[in-house]
Amino acid sequence: MSDSKRLTLSEWFHQETKYDRRTINLLPRPDFDGQPMPWKQWHSRHPVDLVPYLPFEDFPLGPAEDQEPLDPRSLGDEVRAISRTLFFTCGATGFQQTPEGTQIFRAAPSAGALYPTEVMVVLREIEGLKNGLYAYSVPHHQLVLLYEGVEMEEVAAACWDDPAFEEAKMCVVLTGLWQRSRWRYHDRAYRRILLDTGHVLGNLVHAAGHEGYQAKVRTRFIDSRLQSLLFLDDEEEGALALVPLVPWQSAGVEIRHEESTLEVRSSSATPLAAPPAEDPIVALQRAGELLDDSAAKALAMKPALEEEGHTVFPLKGTMADLSGEFCSISVQRRSTRQFTGASIEAKDLGRVLDFSHRFMRAESTQLLGAGPLLDVHCITQRVKGIDSGHWQYCCEKHQLFLRKAGDHRRSLQEYCLGQDLAGDAAAAVIYTAPLADAVRLLGDRLYRDLHLDSGFLGHQINLACMRLNAGVSGIAGFFDDSLGEFLGLPEGHIVTYITLIGDPMPGG
Ligand SMILES: Cc1cc2nc3c(=O)[nH]c(=O)nc-3n(C[C@H](O)[C@H](O)[C@H](O)COP(=O)(O)O)c2cc1C
């Protein structure tokens, strides 16, 4: 078989990790006794205690009894920004007593509350702190120095000396810990880890902005260099994003040079002769690796949808920002566990779609690596003023284009593994992408970006819904092919993520 006909590793992986109603019950039951801790247990006698910098006083956990944190008076002003940025990005915002102990919920949601995204920061030239790599301890809200001598310049070098690092004294590093999600979700965990990490990035851009910093998200770097700089074993953990934080006054605005294209470094695409011998998650993460000399290719922006005889619904509601409410939204955010089944207003759906997809528009900053490739579908089930049906959303025109009229509540519930939440939702936003063509053009790295970006956008939907007191939840478990067929996806296209929106049950 010629290489062009063979499946790429990304396509094979996606195919292997699809849920199908005929086989889902054959998946091994998760071993709950083998569940890893949702955080790494770092200990330092002299941590950087970040609790005193929080804008409230009742954070329940702080330094352990045997710790003597560094004196806050000896530390530079940036520590306040680090404290608040990390807390509102992924800090411990909910504590629930369970028979097994205290379950900690975080500012960013996570599939199954497994929290496979680990957070570290590289710091330089901050008064009172050594340059180096620090781990963020979520339960104690503190930084622990891991490795002195990990220099920002080396991190920048792993990013082809990206100028974004020049003015940065802080760089957030996000990694994915495979087993933390895989013990439960098997190989499909990789998709969820990427979506979760996208959610964390989705908070980070706002949290940093609130502290006066621009978060310059970088999901492309020279993997082997970065992995060894961070002392990561790629069988267990992989770097997923680097985010230098640059003060707004020196950040500059990253606008796409030509509105019609985006330059992205691409990996090779691995045509498969046989399934990989190694662990599929590790194999795909490796297949997407970028090298010192990985070239940039042009990714064309999608043209706006045209009417072509479709019914068009022009959305009215818009939402330019969160009106300074980000921090309170972040601490109060919870995924909705149950919708009432009541309707939402068309204007509110418009606001949510407008706010969330600003990042996909041609004039937006370059936050997304693959965003222009994603298609945005919207299933309206109970939206006052909008007929029930399957629509496609055009973010450039802020319009919905009707694809299939009708009440699809029961079908959507069935596609979402029978979850009541889907049947009771008022609307669902679904991202899809042309995986086969895109991977052949831009390489296996694209698989990461498609899911990171979907999580990032899904998170904006979460924030917008919270702003409007609407209910919201991500859904990463769905019957891939049935849903793809329902959406009318052409061959080689995949569904990456679903976000449900609706009227939340009080206390749900
Ligand atoms: C990628 C992703 C997938 C999720 N999938 C589901 C799902 O299929 N069903 C569901 O009820 N909740 C789902 N959730 C919500 C999580 O269960 C929830 O985020 C987690 O329990 C933490 O709670 P919190 O979001 O209220 O903080 C998902 C969340 C994420 C980020």
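Visitor: Against which elements do the buried residues of H13 pack?

Guide: Those residues pack against helix H1 (9-16), strand S10 (261-265), strand S11 (296-300), strand S18 (427-433), H14 and strand S20 (494-502). Helices (H or I, at least four residues) and strands (E, at least two) are DSSP runs, numbered from the N terminus. Contact means heavy atoms within 4.5 Å. This is a predicted model, in which local features need pLDDT of at least 70 and side-chain atom pairs count only at pLDDT 80 or more, while totals for chains, interfaces and linings use all residues. Residues are numbered from 1 along each chain as its sequence is written, and side-chain values use heavy atoms, with hydrogens and water left out.

Visitor: Which residues of helix H13 are buried?

Guide: Buried means under 20% relative accessible area (1.4 Å probe, protein chains only). In H13, which covers residues 435-442, the buried residues are Leu435, Ala436, Ala438, Val439 and Leu442. Just after H13 comes Gly443, with a positive phi of about 90 degrees.

Visitor: Why does Gln460 count as buried?

Guide: Gln460 counts as buried because its relative accessibility is 0%. Gln460 sits in helix H14, residues 445-467.

Visitor: What is Gln460 in contact with, leaving aside its neighbours within four places in sequence?

Guide: Gln460 is then in contact with Gly202, His206, Phe355, Ser356 and Phe359.

Visitor: How is the protein chain divided into domains?

Guide: Domain bounds come from an automatic or database domain assignment. Here the protein chain is split into domain 1, residues 35-251, and domain 2, residues 304-502. Taken over C-alpha atoms, the centres of domain 1 and domain 2 are 28 Å apart. Domain 1 puts 33 residues into the contact and domain 2 puts in 37.

Visitor: How should I read a pocket or a cavity, and what is the volume of the largest pocket?

Guide: On a 1 Å grid over the protein atoms alone, a cavity is a set of points where a 1.4 Å probe fits but cannot get out, and a pocket is an open set with protein on both sides within 12 Å along at least five of seven lines; lining residues have an atom within 4 Å of a point. Points are joined across faces, edges and corners, and volume is the space filled by probe spheres set on them. The largest pocket has about 1400 Å³. It is lined by 50 residues, and those closest to its centre are Ala111, Gly112, Ala113, Arg184 and Tyr185. Strand S3 (101-106), helix H4 (178-185), helix H5 (189-210) and strand S19 (471-475) each give two or more residues to this lining. S3 gives the most, with 6 residues. Domain 1 and domain 2 each supply at least three residues to the lining of the largest pocket.

Visitor: How many cavities of 30 Å³ or more are there?

Guide: The count is 5. The largest cavity holds about 90 Å³ of space. Among the residues that line the largest cavity are Cys90, Arg106, Thr117, Val119, Val138 and Asp196. Strand S4 (117-123) and H5 each give two or more residues to that lining.

Visitor: Which residues line the second largest cavity?

Guide: Its lining is made of Trp39, Lys40, Arg106, Thr117, Glu118, Val119, Tyr136, Ser137 and Val138. The second largest cavity has a volume of about 50 Å³. S4 and strand S5 (132-137) are the elements that give two or more residues to its lining, and S4 has the largest share, 3 residues.

Technical notes:
Buried < 20%, exposed > 50% of the residue type's maximum accessible area, 1.4 Å probe, protein only.
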